[in-house]
Amino acid sequence: MLAAVALVSGSAIAYEILLMRLLSIVQWHHFAYMIISLALLGYGVSGTFIALFKSRLQRALHGSFAASAALFAISAVVCFVLAQRIPFNGLELVWNPYQLVYLSALYLLFLVPFLFAATCVGLALTTFAWAAGRVYLFDLLGAGCGAMAIVAVLFVVAPQGGLKFVAAVAMVAASLACVGAESARVRFAGSLTGTAVLLLLVIPMDWLVLRLSPYKGLSQALAAVDARPLGEYSNPLGLLTVVDNPTIPFRYAPGLSFNAPRGPPRQLAVFTDGDAVSAITHIDGSLDSLTYLDYTPGALPYHLLDAPRVLVLGAGGGHEVLLARHLGASWIDAVELNPLMVRLLIDDLGAFAGNLFTTHNVAVHVSEARAFVADSRARFDLIKLALLDSAAASGAGVHALSESYLYTVEAFASYLQHLSPGGILAITRWLKLPPRDSLKLMATAIEALRRAGVADPSRHLAMVRSWNTVTLLVRNGGFSSADIERLREFCRARSFDAVYYHGMPASEANRFNLLSEPYFHMGATRLLTDAAAFTAQYKFHLTPATDDQPYFYHFFKWRTLPELYALRAQGGAGLIEWGYLLLIATLLQAGVAGGVLILLPLWLQGRSRSGSGGLRTGSYFFVLGLAFLFIEIAFIQKLILFLGNPVYAVAVVLSGFLVFAGLGSGFSTRFDKLEGTRRADPIHVVTAIIAVIATGYVLLLLDLLPLAIGLAEPLKVLLALLVIAPLAFCMGMPFPIGLHRVSVRRPDFLPWAWGLNGFASVLSAALATLLAIQFGFTALVLCGSALYLGAAWLLPAPAR
């Protein structure tokens, strides 16, 4: 039974991670986040279900467990297939009320699998309450292994193929649960589930084909005449789809001047998760076919530098690498996170791209950008941050909840430290009106320069805009009068508008791509002269992002919402960062649903038969759920930069927390014999240790980890696990200690304890993100530590 618990927990968390990937592909990242947060309410509802039918379920324990595990396996696949038939489109929520109905249907569909999985674990915990520590140990060990296993599986199969893996593991758990059953019928059913595993593995992939939102870039590209996909490549970092269209060719050249003598040659589009697009350009050896590159804003730095050594962060399909080669770079280091993209440019489409990534002056590095820069001892004449997200997604605000460590003050400081004397940092973003990204970039650069001791940042900055992009330049040492003249000539020849350079007159700001007012120039000037007042008055959030609050795409201000909502029929809806509002909606919906399905039954039961103290005991388990997730989520983010790869960071930190917490749960059984003695209450000791370790880590140790960023990957993973181990070990104890104490005094309350803890997990994900956006991850850890200390005073003392 313990092995079955471990397998169910592992398959459940694997399903959660897998759904995040699947829904991020077919919808967008924050809609996936919202749907799964509500679906996880199934963990809380399972407590209500077990409480209502406890005696009946426990009488047929093995059969009940096996049936729940088998139903989880089946519903995990079926519910996803059905969900794709629901015509939900999150971008229509603001004007189409039917989308709320579709969204509710998605909640109910995805709640079902988690309800069945949580029923298995909750049933084991309530039945074997005397061994809650051991049950919780296997629960967390299984979950930790499941988190790591699904990441490994996604390197081998497509995301939809991972559904088979999840279902098969759950079916094996159902078989194991039947082994110890007294009933022959149950044992026979267990043998049938073994056959079901084989059937699940041979489900045709056509049944699980992904149906993307019609508003994603890939959907629109494939809707064009003669568009055809050339290949699909998948790993945990993304689903890459290569598309060709000989009739309506792709034209990827961000900000291309209307004065360009010709457009790009043939290109293949590469979509990541159905939206973020990059292009692979056909190179046939003819220089004439590449003249368009000199008419893009990204060419400006090459007119200010002579044969520079270039670092490209985010190589993608090779646009920036091609630009650097064409305009005379002496050496190019290209950094790309996804090895599949590199493989495309070297192997599958290497000949098409003119072997761009294997030429004599190009070195390609598979790494996370910040980690590569921090680990590099080289100095570069030009550092370029590639433009890899889509203009549509950027304009729709779908990245509002996305963390990005590329655009923080600390990131800019690191880039500037790696510039040679006179070197340039160049960043291009899509143009937005009213200005948001561009002004936030400017504010971030100003803050980074001031932290570096630059007294007058205005001499180090320049900005230009095309009809749809804005490019910021930051120079190590400042721009000379000759640089400024070359910049002005570059803009005149290509009909680009200068936004800012030192000493620029306002009359030069709005000449070619006309706006009603020179908004970009006005904003850039105010940021240099009166930043505090300007950012406070501005209608969008322009405070620079930091590593502690890495939400560069967060522009939302509550006071602007009524004005934008009133203008929704005139285009104002497109200015609202809907990701942030959907996060608020998720939190409110989870609170209402949890109140109806969990808190209300608990209150009614407390009135009828459970006696006093139910609210206090329930609050203990609820607070534990919040505190655990707050600290876990913060540490995942804190260790992403150190480990250098977001996938590894999530897998290592999540698995590490769960496994070591499971070991701590198993160790907590040693406290059982201390219950009722006159020694210090174990719960007060454990929570105090958690608070001290977590606070010490976040204030001291985590700032020292970057010093070891140059270590080999296995050593960094080992060091991260050593950091996590003592904290997670202690964090695994409070829950089983509380369960044991409740099992002695109020065994009827055990299902509610399980349900309330699950309900808190639902709220904590959305609440943690809100707190991190507003106050940062350090504040989130401190809040989690305070919650642990508070929880200790909520749990009733053991009977003497």
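**View 1. Leu19 in helix α1 of the predicted model.** Leu19 lies in helix α1, which covers residues 2–26 of this predicted model. Its relative accessibility is 0%, so Leu19 counts as buried; the cut-off for buried is under 20%. Along the sequence, 61 residues separate Leu19 from Phe80, yet their C-alpha atoms are 8.5 Å apart in space.

**View 2. Helix α5 and its kink.** Helix α5 runs over residues 61–83 and holds 23 residues. From the first C-alpha to the last, α5 reaches 31 Å, close to the 33 Å expected at 1.5 Å a residue. The helix is kinked by about 30°, and the kink is centred on Ser75.

**View 3. The chain around the close-ups.** The chain has 800 residues, and 61% of them count as buried. Its secondary structure comes to 28 helices and 12 strands. Among contacts between residues at least 6 apart in sequence, 78% join residues at least 24 apart. The chain exposes about 30,300 Å², of which carbon and sulfur atoms supply 64%.

Notes. Residues are numbered from 1 along each chain as its sequence is written. This is a predicted model: local features need pLDDT of at least 70, side-chain atom pairs count only at pLDDT 80 or more; totals for chains, interfaces and linings use all residues. Side-chain values use heavy atoms; hydrogens and water are left out. Helices (H or I, at least four residues) and strands (E, at least two) are DSSP runs, numbered from the N terminus. The expected span of a helix is 1.5 Å times one less than its number of residues. The bend at a residue is the angle between axes fitted to the seven residues ending there and the seven starting there. Buried means under 20% relative accessible area, exposed over 50%, partly exposed in between (1.4 Å probe, protein chains only). Contact means heavy atoms within 4.5 Å. Accessible areas come from the Shrake-Rupley method with a 1.4 Å probe; for residues, only the protein chains shown count as cover.
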